[in-house]
Amino acid sequence: MATTLGGGAAAQIEGGKLKGLGIAADKRASVTPNVPTYAEQGFPGFTAASWVGFFAPAKTDPQILATLNSTINAIVQTPDVQKKLTDMGFDPITGTPAQAEAMFKVEVDKWGNMVKALNLSIK
């Protein structure tokens, strides 16, 4: 089965009810530190990590974006929120709008290229 760790799989792996074979991310997940990445097992570049981001309309005032970003980052960095997110199987990260935009572009390009390579379409 392929799943996200945030869907309860991390607890099942740590509880011994599932065997984690690999993490499709750049680094091991903190909630399942004994499960190696695919890269560690000889499959470099095999990443398909799920993530959550906050988006605003394209023409949003940069000051509003800066305020939203710093406020959301501060919330995500609080011990209570960190614990809640890691308990659910997530590795919380924070960053700048430019970092988020760059990551989003990489994801869109990667998955768009895969769709084209596999000749997939929506009908």
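The mean pLDDT of the protein chain in this predicted model is 89. Of its residues, 100% reach 70 or more. Among the elements, helix H1 (residues 9-14) has the lowest mean pLDDT, at 86. Helix H2 (residues 62-76) has the highest, at 96.

Phe55 sits in the loop between H1 and H2. Its relative accessibility is 60%, so Phe55 counts as exposed, the cut-off being over 50%.

Side chains of opposite charge can pair when their charged atoms come close. The structure holds four salt bridges. One of them joins Glu40 to Arg28, with the closest N and O atoms 3.0 Å apart. This pair links distant parts of the chain, 12 residues apart. Both Glu40 and Arg28 belong to the loop between H1 and H2. Glu40 is partly exposed at 47% relative accessibility, and Arg28 is partly exposed at 35%.

Helix H4 (residues 97-117) contains Lys105 and Asp109. Their side chains meet in a salt bridge of 2.8 Å, N to O. The two residues are four apart in the helix, so about one helical turn separates them. Lys105 counts as exposed at 52% relative accessibility, whereas Asp109 counts as partly exposed at 36%.

Lys110 forms a salt bridge with Glu107. Here the closest N and O atoms are 3.4 Å apart. Lys110 and Glu107 are three residues apart in helix H4, so they too are separated by about one helical turn. Lys110 is partly exposed, with a relative accessible area of 24%. Glu107 has a relative accessible area of 16% and is therefore buried, the cut-off being under 20%.

Note on methods: Residues numbered from 1 in each chain as written. Predicted model: local features only at pLDDT ≥ 70, side-chain atom pairs only at ≥ 80, totals over all residues. Heavy atoms only, no water. pLDDT = per-residue confidence, 0-100. Buried < 20%, exposed > 50% of the residue type's maximum accessible area, 1.4 Å probe, protein only.
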